[in-house]
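Subject: Structure handover

Hi there,

Here is the structure I promised to pass on.

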Amino acid sequence: MKFLTIFLFVLLSSYTFANEDDGNVEVINLHESKSLDQMVLDNLNGEQKIKEDVEELMVTEETETVEVEVTQIEIVKDHFVHKNDTKDIKIYFDNLQKIKSKALQKQIIQVLENLELNLENDQDKEKLFLIVEYLKSIGQINKSYELIERYDLSKDTNLNFYTKIKLNYLLSTFQLNEACNFKDELNSDIKLDYYFLEKLDIFCLILNNNQSEANLLNSILLESENNPDNYYQYLFSLINQLSDQVSNDKETKNYAINKKLIFLYSAMTRIAELPFTYEFYELDKKNLSIPIILNQASAIDLRIKAANESFLENLISVDSLAALYMSADFNSDQFNNPEETIELLSENKELSMAFLFQLVNIQIFPNDRLSILIKFWNFAKKNNLDEIAYKLSINLLSSIEANSDNIMYGPQIATAYIFNNDFKNAVDWIELYENAKEVDSKSIYTRILLDLYSSNDLKSFINSINFTLNTYAYNQDNKNYELLHVLKSVMNLDIHSDSNVNLNKIFDDRSMPSIFLFNEIKKSIIKKDDQKFLFYSSISLNDKVWNDLHPEHLKVLLNGYLQYEDGVIFRDVILEVFKNYKFIL
């Protein structure tokens, strides 16, 4: 084995970078002795908090000049969820299944998980059920689990449902001992569909090396099921080492998969050392991301794809993501011929990202490392993975020396620091670049990013937008003119916006919410009924991104989020709008 491959192996669990203080090279073991499983589980349990891209906005008294100009007739303080009956709540949740705004989805989850419910009240009991069901349906089974753990549900009429949520969570995170112990403690009155408990019991017996009893119970199961679960039986045969009943190639068979049992299947699949397929992943992408990440038999590009999405959903930490990227298997020939390898992997963005990330980490000389790092960032940006690439680079940034060879990359290095909320180093690199080169479009753009992401209150953020729109040269197409018109109106910006009538475009084919929903959204803004506004505005956005909206619809929503909870998520919303429009960002 060549030295290069050995060197890469050493780097799988640690990164090497320079200590700026004493000039010595220091090896930092990011993951200590923890397995990937434990790192992911720690993050789900809240032991490792993922840093947010931006700090919460604190609004000062100075923001009064940009408040929505409406007549205040009543300030509503009652919680929206509490004052609606369960029938309406269910309808709301049905219309909130495809929220594409991460800022709004996060806010809805926060409202729901912070509700104080009195389970002596039948309405609150039903609301808890609906909330838990909704969180699971949008890929937040961990939040569902955390919520039911807060209450004594032993006598609840929905105990069967909560039991299945807990078991599925434990199985999905591969906490098999806990799942089996919890199953053993269950009341005998609890019954779950599709013989879930019976199948789990058999699985647990195999895990405890009790094959004979497992075989007996499985024979009873086969007699009991009207429609045999062939997929389960296939997995059972594999993990029970019945080699004469299964093929030796261990390929997943094309048996019908019961979607209600996918978490049990996922745990059995891992024990059987079988790979997950893309088709299995598509059954429940968000909730199955963790099982797929932890399944070493699965294709590494599928695991990375699941990990990328989980990271952006704040389900795993950057350390877990980095560990997975470093576990992708590349040989010395591929590293010795990087350009050829990148070309061969060009159709697979997940493997390309992993290869470039490893290629950066094996570079011995700082200049070579930075050159590959720039390629990594550029590739990620082309594939809308730049946020991930910048976050993965955090432990490499401190090894980049501020010398004449590196100054030319100042704006890119500063951008990476901005995405890691290290604004001081970002400023330093911008200034180094401008002093050595000159103020140009690259440094101006990086300063705009810095202003937008580092503003620590609503007024400074709006001032940054005002300054940006007056100084930065952006594409002036029709949609951008519309957006400028909306932004000027919402934030009272001192900018020029073309509002001339275009007679070549008299009608707009973008749909508007129904007049009744639209009126309710506007009334909730006037009454400052924040939670009602959050839910109704999110419903009006269901399955849409910001640039799908009619400009009048967008204007009303931005006015609402300017005042929602004193503008707490306004910056996140505006940054999402810019990205959706591909405007500036």
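Predicted model: local features only at pLDDT ≥ 70, side-chain atom pairs only at ≥ 80, totals over all residues.

Buried residues in helix α26 (441–454) are S443, Y445, T446, I448, L449, L450, L452 and Y453, where buried means under 20% relative accessible area, exposed over 50% and partly exposed in between, with a 1.4 Å probe and protein chains only. Helices here are DSSP runs of H or I with at least four residues, strands are E runs of at least two, and both are numbered from the N terminus. The buried residues of α26 pack against α24, α25 (423–436), α27 (458–471) and α32 (570–581), contact meaning heavy atoms within 4.5 Å.

Residues are numbered from 1 along each chain as its sequence is written, and side-chain values use heavy atoms, leaving out hydrogens and water.

Helix α21 (366–382) gave a similar check: its 17 residues should span 24 Å, and the end C-alpha atoms lie 25 Å apart, which agrees. Its buried residues are R369, L370, I372, L373, I374, F376, W377, F379 and A380. Among the elements covering them are α20 (349–361), α22 (386–392), α23 (394–397) and α24 (410–419). Just after α21, N384 takes a positive phi of about 60°.

Helix α17 (318–327) is mostly covered, with 7 of its 10 residues buried: S320, L321, A322, A323, L324, Y325 and M326.

Then there is α8 (159–172), whose axis comes within 11 Å of that of α6 (122–137), crossing at roughly 30°. The two are therefore roughly parallel (angles under 35 degrees; over 145 is roughly antiparallel, 65 to 115 roughly perpendicular, the rest oblique). In α6, K125, L128, F129, V132, E133 and K136 meet F161, Y162 and I165 of α8.

α8 also packs with α9 (176–184), at about 155° with the axes 8 Å apart, which makes this pair roughly antiparallel. Axes are lines fitted to C-alpha atoms, for helices over the stretch in contact, and angles run from 0 to 180 degrees between N-to-C directions. On the α8 side T163, K166, L167, L170 and L171 take part, meeting L176, E178, A179, F182 and K183 in α9.

Best wishes

Methods
Expected span 1.5 Å × (residues − 1).
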